[in-house]
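Trainee: I'd like to learn how to read a few features off a model. Can we go through one together?

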Amino acid sequence: MMKALISYGLRFGSVAGFVYYSSELGIWGDSAQAEQLLKQGKQLLAPYAATVKQKIPLSDIQLPTTECASRTAKNYWNKGVVKSIEFLGKLPSTVKGAGSNAFTYISQQLENANTEEKN
């Protein structure tokens, strides 16, 4: 019991701390504050980004062309739409089967309970 209380207390405290400090930084303010925070973050991370750029040769990385990325996005979108329509098409029979199974299970449990009470 005490372990769960401490666990929830730590979770709540970390979330509250995050909200408090992010509010102090200006994340939840207007767009001008957020832009200023972004500029400060870029300045803070600039030395680290330079070392990463030296270690990772970005010129060797082959990025997909716009046409390829567009074609891939359309393909995945269409597959998502087809799968969604298939799901919706199978939904009535799936719900009917699940309802039938639930009815069978519950009636068996009630019969078992009735036979145990009679004994």
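Trainee: Which residues does S22 touch, not counting residues up to four places away in sequence?

Mentor: A word on the source: this is a predicted model, where local features need pLDDT of at least 70, side-chain atom pairs count only at pLDDT 80 or more, and totals for chains, interfaces and linings use all residues. Residues are numbered from 1 along each chain as its sequence is written, and side-chain values use heavy atoms, with hydrogens and water left out. Contact means heavy atoms within 4.5 Å. Here S22 touches I27 and W28, leaving out residues up to four places away in sequence.

Trainee: Is S22 buried or exposed?

Mentor: Buried means under 20% relative accessible area, exposed over 50%, partly exposed in between (1.4 Å probe, protein chains only). S22 has 3% relative accessibility, so it counts as buried. S22 sits in helix α1, a DSSP run of H or I with at least four residues, numbered from the N terminus. Among the 24 residues of α1, the count of buried residues is one.

Trainee: How many salt bridges are there?

Mentor: The rule wants a side-chain nitrogen of Lys or Arg within 4 Å of a carboxyl oxygen of Asp or Glu. That gives two salt bridges. K39 pairs with E35, closest N and O atoms 3.9 Å apart, and K83 pairs with E86 at 3.8 Å.

Trainee: Why can K83 and E86 be about one helical turn apart?

Mentor: An α-helix has 3.6 residues a turn, so residues three or four places apart point the same way. K83 and E86 are three residues apart in helix α3 (residues 66-118), which means about one helical turn between them.

Key
Helix = DSSP H or I, 4+ residues; strand = E, 2+ residues; numbered from the N terminus.
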